[in-house]
Amino acid sequence: AFDDFASAPLHEYDVLVPLTIADLEILDAARHLASRNPLPIPNLASVRLCDDKLVFNKTMRDHGLGEFIPEFGPSVPWPCVLKKRIDEAGAHTHFALDAEHARALLAGERESDYFRQRLVYGTREYTTHLVVAGGRVLYTLHIEVDFAEGACIKGRDPCLGARAVSAPCETSMFASMLATIGFEGLCCVNYKLERGVPRVFEINPRMGWNLCAHFAELIP
């Protein structure tokens, strides 16, 4: 069933699956009603850290995981990605050719809401979905997505196809990232590979859309 968590009788459902940050906020405030939920409800501090992409990047760097984050900050050379700190589905992510182009893209926007990040070229992007509970990874699913161009932005540019694949790289660092911020629950990691090394763009602290077709696998 699909329902509004704010008004739904949460205790009557077998499994609660939050789809948005707003859903997570409601469940965090109603933990007594979701205490037996098979999917752990993440703490809001870890959710909000992931939601602010710049804070997430800095946290990973400060905890020795910066090699897996594409370079970011005002010194990143052009062309690069202009990324909004709090965003969804790449709606406000742009490919900027130079400073003049960036100013045009951000016309009417607050510059402090954005940051520069190195563009990772490649026509394939990956999403790894994970369920973490009790410090253990209980479930993983890896999705490979194809794009026509190497300078692609997922959510903005049309994809050519998506498929489930075996682990495309060593994924233990994803568990390390989640442990670093104290995250437990369902999430997905978006990244590309450079010489076999994952370059993480973000961790979405909620269910990712391309898990839908595989969700029955997660139920056990």
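How does the lining of the largest cavity divide by class, that is, how many nonpolar, polar and charged residues does the lining have? In this predicted model, the lining of the largest cavity comprises eight nonpolar residues, no polar residues and one charged residue. The residues concerned are Pro18, Leu24, Leu39, Pro40, Pro42, Leu186, Pro205, Arg206 and Met207, and the space that they line amounts to about 60 Å³. Under the criterion applied here, the count of cavities of 30 Å³ or more comes to one. Rolling a probe the size of a water molecule over the atoms shows where empty space is left.

The largest pocket has a volume of about 1100 Å³, and its lining is made up of 50 residues, among which Asn204, Arg206, Met207, Gly208 and Trp209 lie nearest the centre of the pocket. Two or more residues of this lining are given by each of strand S1 (80-84), strand S4 (124-133), strand S5 (136-147), strand S7 (185-194) and strand S8 (197-204). When the lining of the largest pocket is divided by class, 26 residues are nonpolar, 10 are polar and 14 are charged.

Because its relative accessibility is 12%, Asn204 counts as buried. With residues up to four places away in sequence left out of the count, Asn204 touches Cys187, Cys188 and Asn190.

The packing of helices was considered next. Helix H2 (residues 44-51) and helix H3 pack at an angle of about 105 degrees, and their axes are 5 Å apart; the two helices are therefore roughly perpendicular to each other. On the side of H2 the contact involves Leu49, Cys50 and Asp51, which meet Lys53, Val55, Phe56 and Thr59 in H3. By class, this contact of H2 with H3 has four nonpolar residues, one polar residue and two charged residues. Helix H3 (residues 53-62) also packs with helix H5 (residues 172-181), at an angle of about 105 degrees and with an axis separation of 11 Å, which means that H3 is roughly perpendicular to H5. In this case Phe56, Thr59 and Met60 in H3 meet Met177, Thr180 and Ile181 in H5, and the residues of the contact divide into four nonpolar, two polar and no charged. Phe56 and Thr59 of H3 take part in the contact with H2 and again in the contact with H5.

Ahead of the helices, Phe5 is placed in the segment before helix H1 (21-29). Phe5 counts as buried because its relative accessibility is 12%. Phe5 and Leu105, which are 100 residues apart in sequence, are 36 Å apart in space, C-alpha to C-alpha.

Backbone geometry was examined at two sites in loops. The peptide bond from Trp78 to Pro79 is cis, with omega near -10 degrees, and Pro79 has its place in the loop between H3 and S1. Arg195, although not a glycine, has a positive phi of about 50 degrees; this residue lies in the loop between S7 and S8. Since the relative accessible area of Arg195 is 76%, the residue is exposed.

A further loop position is that of His92, which lies between S1 and strand S2 (94-96). At 29% relative accessibility, His92 counts as partly exposed. The contacts of His92, not counting residues up to four places away in sequence, are with Leu82, Lys83, Lys84, Asp87, Glu109, Tyr114 and Arg156. His92 and Phe147 are 55 residues apart along the chain, and their C-alpha atoms are separated by 19 Å.

How values were computed: Residues are numbered from 1 along each chain as its sequence is written. This is a predicted model: local features need pLDDT of at least 70, side-chain atom pairs count only at pLDDT 80 or more; totals for chains, interfaces and linings use all residues. Side-chain values use heavy atoms; hydrogens and water are left out. Axes are lines fitted to C-alpha atoms, for helices over the stretch in contact, and angles run from 0 to 180 degrees between N-to-C directions. Helices (H or I, at least four residues) and strands (E, at least two) are DSSP runs, numbered from the N terminus. Angles under 35 degrees count as roughly parallel, over 145 as roughly antiparallel, 65 to 115 as roughly perpendicular and the rest as oblique. Contact means heavy atoms within 4.5 Å. Ala, Val, Leu, Ile, Met, Phe, Trp, Tyr, Cys and Pro count as nonpolar, Asp, Glu, Lys and Arg as charged, and the others, Gly among them, as polar. On a 1 Å grid over the protein atoms alone, a cavity is a set of points where a 1.4 Å probe fits but cannot get out, and a pocket is an open set with protein on both sides within 12 Å along at least five of seven lines; lining residues have an atom within 4 Å of a point. Grid points are joined across faces, edges and corners, and a volume is the space filled by probe spheres set on the points. Buried means under 20% relative accessible area, exposed over 50%, partly exposed in between (1.4 Å probe, protein chains only).
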